[in-house]
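User: I have a chain open here and want a quick walk through it. Can you take my questions as they come?

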Amino acid sequence: MKRLTCEQAVQQFFAYLDRALSAEPLEALEAHMEACLDCCDKLRFSRQLDSFVKTRLPEATLPADLDARIRKALRG
Ligand SMILES: [Zn+2]
């Protein structure tokens, strides 16, 4: 398995918190976390930030027509 650098590990934090990582990158990230206290701290902070953002911005507060507006914008 290839080792992650700290930079690569940090880039995967939000995917990790969203449980969006597949088995292989997940294993690589967890292996990095076990070996790297620095990234452990950063992940703890990211997790707090992530739950903070999610509790402050529940999906229900998004405008109901946002989806339609995005589709329209994408069509040009
Ligand atoms: Zn690290």
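User: Start with Phe13. Buried or exposed?

Analyst: Phe13 counts as buried, at 1% relative accessibility. The cut-offs are these: buried is under 20% relative accessible area, exposed is over 50%, and partly exposed is in between, with a 1.4 Å probe and protein chains only. Keep in mind that this is a predicted model: local features need pLDDT of at least 70, side-chain atom pairs count only at pLDDT 80 or more, and totals for chains, interfaces and linings use all residues. Residues are numbered from 1 along each chain as its sequence is written, and side-chain values use heavy atoms, with hydrogens and water left out.

User: Which helix is Phe13 in?

Analyst: Phe13 sits in helix α2. Helices are DSSP runs of H or I with at least four residues, strands are runs of E with at least two, and both are numbered from the N terminus.

User: And what is Phe13 in contact with?

Analyst: Neighbours within four places in sequence aside, Phe13 contacts Leu29, Met33, Cys39, Lys42, Leu43 and Ser46. Contact means heavy atoms within 4.5 Å.

User: Switch to the metal. Which residues are the protein donors of the zinc ion?

Analyst: Cys6 (SG), His32 (NE2), Cys36 (SG) and Cys39 (SG), lying 2.0 to 2.4 Å from the zinc ion. Donors are N, O and S atoms within 2.8 Å of the metal (3.2 Å for Na, K and Ca); water is not among the atoms, so sites may look incomplete.

User: How are the donor residues spaced in sequence?

Analyst: The spacing is C-x25-H-x3-C-x2-C.

User: What geometry does the site of the zinc ion have?

Analyst: Tetrahedral, with angles of 100 to 117 degrees among the 4 donor atoms. Four donors get that label if all angles lie between 85 and 135 degrees. The ideal angle for four tetrahedral donors is 109.5 degrees.

User: Is His32 buried or exposed?

Analyst: His32 is buried, at a relative accessible area of 11%. Cys39 is buried as well, at 0%.

User: How many salt bridges in the whole structure?

Analyst: The search finds 2. A salt bridge is a side-chain nitrogen of Lys or Arg within 4 Å of a carboxyl oxygen of Asp or Glu. Lys42 pairs with Asp38, with the closest N and O atoms 3.5 Å apart. Arg44 pairs with Asp41, at 3.3 Å.

User: Where does the Lys42 and Asp38 pair lie?

Analyst: Both residues are in helix α4 (residues 37-56), 4 residues apart, about one turn of the helix. Lys42 is partly exposed at 36%, and Asp38 is partly exposed at 44%.

User: And the other pair?

Analyst: Arg44 and Asp41 are 3 residues apart in α4, so about one helical turn separates them. Arg44 is partly exposed at 49%, as is Asp41 at 44%.

User: New topic. What is the phi of Arg19?

Analyst: Near 55 degrees, a positive value in a residue other than glycine. Most residues other than glycine have a negative phi. Arg19 is in the loop between α2 (13-17) and α3, and counts as exposed at 76% relative accessibility.

User: Last one. What does the secondary structure come to?

Analyst: The protein chain has 5 helices and 0 strands. Of its 76 residues, 20% count as buried. Among contacts with a separation of 6 or more, 60% come from residues 24 or more positions apart.

Methods:
Four donors count as tetrahedral if all angles lie between 85 and 135 degrees; four count as square planar and six as octahedral if opposite donors are over 155 degrees apart and all others between 65 and 115; anything else is irregular.
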